[in-house]
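Thanks for coming. Please have a look at the model on the screen before I start.

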Amino acid sequence: MPLVAKVMFGFLVLLAVAVALTYWRAGQREAAAEAAYPPSGQLLDVDGVQVHVHVSGSGPDIVLLHGAGGSLRDFTFDLVERLSDRYRVIAFDRPGHGYTDAFDAAGNPISSPRDQAALLQAAAKQLSVTRPLVLGHSFGGSVAMAWALEQPQDTAGIILLAGATMPWPGELSASYKINSSTLGSALVVPAITAWVPMSYARKVLAGIFTPQTMPQTYPEGFGLPMALRRGLLRANARQVNQLRPYVVEMSALYPSLTMPVALIHGTADDIVPLVVHSGPLSTLLPNAELTVLDGVGHMPQHAVPDRIEAAIDRTAERAGLR
């Protein structure tokens, strides 16, 4: 065998071993994450799709929809307890996140905001949810708006926390395109799951809170290892990478929504900027209330939870629920 062929063969053997080891370690880390963070709520079957929902409290219904790369644990960390004395709080894992399936029974990804809203509305129907307030954070804001467009007569009001709801200029981070590509999904994503140190993952998570400081116990309460699973990384990359055309389409329909809408957005949010999203959105909605939070970043539900509670209560009053 010529030397070049031997070198190439040796390289391919090493590559195969590295890939196999990476996949094995990724599986081990995923199994450990799921053992440490089992479902905290109910697992519903919605036309063959598993949907994870955490329900607590009593009173008017409020649905909580988390942002990109997260889970309902972002809300059970603090907000659910704050609301459950006067609302029935229904927190969902969005498709591909937490313990909700990423694909429908036919194998199609549930990626668009409207498809996600339709699935979660069907799950809400199983829980006898009626005329809810719907709160969405970040990517969940687009799903909240889709929820309202799908069921305008049965949606009491919308609360958006740093909601990603409007078309944005420029390009997304290259990581979304890489992780949603065939090669990136097969090689890059498993490498992240297998080898990224948890200390680095904590730093990335802390960066989402900037300029505020992440609560010390948040990574544990949030279930950070769950956010590094391959299925979630792939679903999140696909959903974010495909979002813009959907919000372009939906934004043309926003003026038809007449229910009260509360927009809460920080001036220091560099992830979903106020001037791109909640600012322009407030001019399209006939019944919008915009609250601008000076110096607050992308996580207002943790930075100023009292302000979020007050906005929810105001929206409930405006909707005739309280």
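Predicted model: local features only at pLDDT ≥ 70, side-chain atom pairs only at ≥ 80, totals over all residues.

Residues are numbered from 1 along each chain as its sequence is written, and side-chain values use heavy atoms, with hydrogens and water left out.

The largest nonpolar core has 44 residues. By core I mean a set of buried Ala, Val, Leu, Ile, Met, Phe, Trp, Tyr and Cys residues joined through side-chain atoms within 4.5 Å. Buried is under 20% relative accessible area, exposed is over 50%, and partly exposed is in between, with a 1.4 Å probe and protein chains only. Phe-92, Ile-158 and Tyr-254 have the most contacts inside this core. Helix α5, residues 139–150, gives the most to it, with eight residues; helices here are DSSP runs of H or I, at least four residues, numbered from the N terminus. Apart from this core lies another, of 24 residues, including Phe-75 and Leu-293.

Now the surface. Which helix gives the most to the nonpolar patch? Helix α7, residues 182–195, with three residues. Ile-178, another patch member, is found in helix α6, residues 174–180. Ile-178 counts as partly exposed because its relative accessibility is 39%.

Last, Asn-236, in helix α10, residues 230–251. Is Asn-236 buried or exposed? Buried, because its relative accessibility is 11%.

Technical notes: Helix = DSSP H or I, 4+ residues; strand = E, 2+ residues; numbered from the N terminus. Patch = residues over 30% accessible without salt bridge, like charges linked within 9 Å, V, L, I, M, F, W, Y side chains within 5 Å. Areas by Shrake-Rupley, 256 points an atom, 1.4 Å probe, with all protein chains shown as cover. Salt bridge = Lys/Arg side-chain N within 4 Å of Asp/Glu carboxyl O.
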